Amino acid sequence: RLLVTGALSASLLLLVPASAAAGGPGRSPGDGAAPGAPGIGDPYYPASGNGGYDVSHYDLRLRYRPATDLLEGTATIIATALEDLTRFNLDFGLTVSEVRVNGREAAFTRSGDHELEVTPVTPLRKNRTVPVVVRYAGKPSELKIGGWTAWHRTPDGGVAAQEPASAVWWFPSNDHPLDKATFDISVAVPDGTQAISNGVLRSRSSRLGWTRWNWRSDRPQATYLATLAVGRFDITTDTTANGLPVLNAYSRDLGDNAGAARASVERTAEVVEWLEGVFGPYPFNALGGYVPNVPSGYALETQTRPFYSPRQFAAGANVSVVVHEMAHQWYGDSVSVKGWRDIWINEGFARYSQWLWSEKEGEGTAQELADHVYALRPADDPFWTVKPGDPGPDRQFDLAVYDRGALALQVLRNKIGDEDFFTVLRGWPAEYADGNASVGDFVAYAERISGRQLAALFDTWLYQPSKPALSPGAAAGA
Ligand code: ARG
Ligand code: ZN
């Protein structure tokens, strides 16, 4: 893994175990309390997340200076001990000046490049819920983790939006999708600058030259889906037919892409209405999107309000990417992976929703698009060596997870028929709403709804490192 290059691969390195990960001594004799594990137990990223506690809420009160990229403030984390803890870890990279646990100053040390070890004065007893206050400051763009930074500094601000990790650049957390929590994110920026985040903009007020933006995301949210974008944005607001607030933000510096960005992201509410017809009720209480002036090319389903790079709109409007990111609100955000190896339950379905949109728009049916992907790639194409059901950390976002992943769904559709297939697509987000699920959970769910044995089908399409012998159309009859 050390040989791979490029931003994505580098981003993955940060989650590989830190040196001090083993835990060390710390069990105080006799009382049964022990240190929490420095990782939550994800085999793809052993240092990601932490053991021993569960967070229910993050309250971030921050200030950001675009001119210097200085981010400072306080995180208050409501955490419940899952075991008797002598100490516990948070995942974080910026400089910490003070930690308090239940009001009392706690000792802390750093290990690896993103572990913060906190030792409260007295052990935390199992089931105890306490506030953990972390005071911090730093320049996220200068923070290199695994030799890389997920923070985009822009001419007028900065942006945190990355997968599988971005939180460590801007707030301390239990950084794994297994530990979802609600968020209040309050950010002060110089008057005339905007701070965009998840959920509902509760209030905004200006004082002494600073405008404070108060955001609330009040459904469980994975840490990597929390976002912050500071810069000079034009904001549009609206209300959906169902009464939900829509808020979109566009950097004032999008140049040639400004029109196409608006022609796409302004259609978010329309896209959500259509997706509701496929997946059932929208799982959150706000929606939108934002387009900062970053040079990168990707998009990300940050909860309620996806991030879009301007390059997504370089060839004109791209409603399909809006369909993809908003589909993730059901598949990925409300229902999150149990571990990162389950990424297909996010990307396979988000891609398939784009195929359904194409079908509806008369631009090619899902079957035609599946046949196209199958025919396009000869058996010796490395595309077929990626197993969408377990791609490995280096191939987590490989095109095969998306395209072969969507192919698997077309094969399922052909096998169980449209009625059961769409019952599954709609039932799954309700069954696992606000929770976590694995690929195995999906296979079991589809078997339950359809009354069919589907293990062989999924084995062929998700788990074999080779091109399936039968085309997606023919496979259904087999
Ligand atoms: N979930 C994102 C999407 O498909 C993928 C972002 C992956 N890119 C990255 N640089 N890690 O919309
Ligand atoms: Zn995606």
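Modeller: Start with A160. Setting aside residues up to four places away in sequence, A160 touches A150, W151, S166, W169, W170, T227 and L228. Keep in mind that this is a predicted model.

A160 belongs to strand β10, which covers residues 157–160. Strand β10 pairs with strand β15, residues 228–231. The pairing is antiparallel and runs over three bridges. Within it, G158 stands opposite V230 in β15. In general, strands of a sheet pair through backbone hydrogen bonds, either parallel or antiparallel.

Now widen the view to the sheet. Four strands make an open sheet in the order β9-β10-β15-β12, with antiparallel pairing. The edges are β9 (151–154) and β12 (194–196), each of which pairs on one side only. On average, neighbouring strands of this sheet are turned by 15° against each other, direction ignored.

Next, the core. A160 is among the residues that touch the most other members of the largest nonpolar core, which has 126 residues. In soluble globular proteins, nonpolar side chains tend to be buried together.

Move on to P292. P292 sits in the loop between β18 (287–291) and β19 (299–300). Is P292 buried or exposed? P292 is buried, because 28 other C-beta atoms lie within 10 Å, and 20 or more is enough to count as buried. Leaving out neighbours within four places in sequence, P292 is in contact with T154, V159, A229, G231 and S251. The C-alpha atoms of P292 and Y250 are separated by 6.2 Å, although these residues are 42 apart along the chain.

Another loop residue is L124, between β7 (115–119) and β8 (129–138). L124 is buried too, with 27 other C-beta atoms within 10 Å. Beyond its neighbours within four places in sequence, L124 is in contact with A81, L85 and V130. By C-alpha atoms, L124 and R351 are separated by 44 Å.

How do the annotated regions fit in? An unreviewed UniProt entry gives residues 56–225 as "domain: Aminopeptidase N-like N-terminal". That span is 0% helix and 56% strand, and its end C-alpha atoms lie 15 Å apart. For residues 317–461, UniProt (unreviewed entry) lists "domain: Peptidase M1 membrane alanine aminopeptidase". Over residues 317–461 the chain is 64% helix and 4% strand.

In α6 (residues 366–376), the buried residues are A366, L369, A370, V373 and Y374. Seen down the axis of α6, these fall within an arc of 135°, so they line one face of the helix. On the other side of α6, A375 and L376 are exposed. The buried residues of α6 pack against α5, α7 and α10 (472–475).

Helix α9 (residues 455–463) has L457, F458, W461 and L462 buried. They cover an arc of only 95° around the axis, which puts them on the same side of α9. What covers them includes α5 (344–361), α7 (399–431) and α8 (439–450).

Notes: Residues are numbered from 1 along each chain as its sequence is written. Chains are lettered from A and ligands numbered from 1 in the order in which they are written. This is a predicted model: local features need pLDDT of at least 70, side-chain atom pairs count only at pLDDT 80 or more; totals for chains, interfaces and linings use all residues. UniProt positions are given in the numbering used here, feature names are shortened, and annotations may be inferred rather than shown by experiment. Helices (H or I, at least four residues) and strands (E, at least two) are DSSP runs, numbered from the N terminus. A residue is buried if 20 or more other C-beta atoms lie within 10 Å of its own, exposed if 12 or fewer, and partly exposed in between; C-beta atoms are placed from the backbone. Two residues are in contact if their C-beta atoms, placed from the backbone, lie within 7 Å. The arc is that of the directions from the helix axis to the C-beta atoms. A nonpolar core is a set of buried Ala, Val, Leu, Ile, Met, Phe, Trp, Tyr and Cys residues joined through C-beta atoms within 7 Å. Two strands pair if DSSP finds at least two bridges between them. Axes are lines fitted to C-alpha atoms, for helices over the stretch in contact, and angles run from 0 to 180 degrees between N-to-C directions.
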